[in-house]
Amino acid sequence: MGSSEEPNKTSLLHDSSSSPTHPLLSKSFPSPPISEPQLESSEPDQTQFLQISYNYGPRPFKDLPFLILFLLFVLCTFGFGIFAVVNRNPNSSSVSSYSYDSSSTSCVKNSTSSLQLLPFSNYLELSSSSHILKDLIWTLVITLILSVPFCWLLLLLLKNYTKQVVYASLPFFVVMPIFFDVYWFVACTVSSSCSEVFPLVYRILLLVFVFLFIGVIVWIIVANWHRIELTVKIIGIASHSLSRNLGLFVVLPCLTFSLVVYYAPIVVFLVFARLNGKIVAKESGGEYYCVWKQDSWVPAYYTLAILTMLWSTTAMVELQVYVISGTISQWYFAKDDDSTPKRSIRSSLRNALGPSSGTVCLSGLLICAVRVVRAVVDSARQENLQGIVNIMLRCCVNALLTAVDFLNKFTINFAAITGETYCTSARMTYELLKRNLLSAVFVETVSTRILGGIVFVFSAIYAIVACAILKAVSNLRADAYFVAVLAWVLLILVLGFFVHVLDNVIDTVYVCYAIDRDRGEVCKQEVHEVYVSLPIRRNHRPSLANRTLGV
């Protein structure tokens, strides 16, 4: 929307000098210049965030250095990749046809090279597995096509019958693992080949381990039973919000597909970078033979390309979160409750790829750095490095990574609403939630677990039906289980993406509710009726300014 439609919402910060409390204080106490400077220095002015709302006006570019750095990484990756393709050595795959020539002290190509042919048994194996590959491809294609109406059906069920779906799925959280565990145990005991691979002791241990895991699931359900009713309402609100913005189901998969297209040339560059080098002679035990030696810059390019791909992945995830948050927040702050703002997705996408692209890149860089450092810490833990220094360093790194995760939780959601920089959004989000006694860490953890369980139940039922159909109409025999498992994994990935979108909708509505609460307004009455039941976080001590003004 243009700025002309909502001119009063372009102002994000309220001028503290215009607060009605200041004239009252100045008239009642004309000469106490002692406490006021101390309050301003110790605590930020609590009235400066009263006018936070969605910024419909033109937004300036923010965090530009990180956008420039990201573009530099991409340009270097593509530039050196093109050089790798042009400069490749066509003889890299024919090292065996070279031999050492003592007269020239170099490797020369033999005049005759033997053509290696596959044995006839290999062709038989390929022809016998062709029907398995064909059935697998058809099953995955059908699963991918059916996943679209499955997501639509799941959204409608969660919107209109949230309570029934949740309570009906809870028993299956326990029944499904028990069924798969017992079925596998019996099937492996009956099958002679499986019994040889897994002795009875191992089968019993696995059976007991799965039952212990099921016991943990039951304990989690029982421990959080009093919170399920609130979780049901939160999921219902998020499903309703998402159903009013169905265009996200078109834009978000397109963004994911564009990332795959963007990855394709980088993968090609990595393949051709391996072909950059030369065939050299190597001496071992007094004898010379020819080996392939890569150029010295190839490992550095692999590092650059992999880091660029990781950063691009996390930046795309944050870009999708930004688009979701911007779209949902426009719906939330719309004056007409029965209509959805026009071009809300387009404006959110324009802001994400334009003024806030540097913020998205910075958020993606932080997440990428956290993932890389955490992987390094985990690998160091597996190596069992001893010493008090290593333990202290590991604790400090884990504390730092936890702090970054805490900082990044609602930051991109707030940046999508206001268009502020990353650091400003992080500070303002924390202050906003702290002032309103709301958690700055999470909204409701049970909702994510329940949604994950519902996805598991839906995909498991589909896998069972697919396996039964494959056994009835094909000759796959035992391979039908393998094909059904792959279909189950594919459907879990698609439905998991749906849950990811729904989780981000929950976070966005949570931030919008906090803004409403901070301003003393009610933009969506149904949201306030649900989110007001969230537990109050009293670990944040009210500031001295609030207590003084409250008196």
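Modeller: Let's start with Glu431, which counts as buried at 11% relative accessibility. Keep in mind that this is a predicted model.

Colleague: Okay, why is 11% called buried?

Modeller: Because buried means under 20% relative accessible area. Lys434, with 21%, is partly exposed.

Colleague: Which residue does Glu431 form a salt bridge with?

Modeller: The general idea is that side chains of opposite charge can pair when their charged atoms come close. Here the partner of Glu431 is Lys434, and the closest N and O atoms are 3.5 Å apart.

Colleague: How does their spacing in helix H16 look?

Modeller: In an α-helix, residues three or four places apart point the same way, because there are 3.6 residues a turn. Glu431 and Lys434 sit three residues apart in H16 (residues 422–435), so about one helical turn separates them.

Colleague: How many salt bridges does the whole structure have?

Modeller: The search finds five. One of them joins Lys163 and Glu229, with 3.8 Å between the closest N and O atoms. That pair links distant parts of the chain: Lys163 is in helix H5 and Glu229 in helix H9 (residues 228–243), 66 residues apart. Both ends are partly exposed, Lys163 at 44% and Glu229 at 30%.

Colleague: And which residues of H5 are buried?

Modeller: Thr162, Val165, Val166 and Ser169. They span an arc of only 95 degrees around the axis, so they lie on the same side of H5.

Colleague: Last one: what kinds of residues line the second largest pocket?

Modeller: The lining divides into 19 nonpolar, two polar and one charged. Phe180, Tyr183, Cys467, Tyr481 and Val485 lie nearest the centre, and the pocket's volume is about 650 Å³.

Definitions and conventions:
Residues are numbered from 1 along each chain as its sequence is written. This is a predicted model: local features need pLDDT of at least 70, side-chain atom pairs count only at pLDDT 80 or more; totals for chains, interfaces and linings use all residues. Side-chain values use heavy atoms; hydrogens and water are left out. On a 1 Å grid over the protein atoms alone, a cavity is a set of points where a 1.4 Å probe fits but cannot get out, and a pocket is an open set with protein on both sides within 12 Å along at least five of seven lines; lining residues have an atom within 4 Å of a point. Grid points are joined across faces, edges and corners, and a volume is the space filled by probe spheres set on the points. Ala, Val, Leu, Ile, Met, Phe, Trp, Tyr, Cys and Pro count as nonpolar, Asp, Glu, Lys and Arg as charged, and the others, Gly among them, as polar. Buried means under 20% relative accessible area, exposed over 50%, partly exposed in between (1.4 Å probe, protein chains only). Helices (H or I, at least four residues) and strands (E, at least two) are DSSP runs, numbered from the N terminus. The arc is that of the directions from the helix axis to the C-beta atoms. A salt bridge is a side-chain nitrogen of Lys or Arg within 4 Å of a carboxyl oxygen of Asp or Glu.
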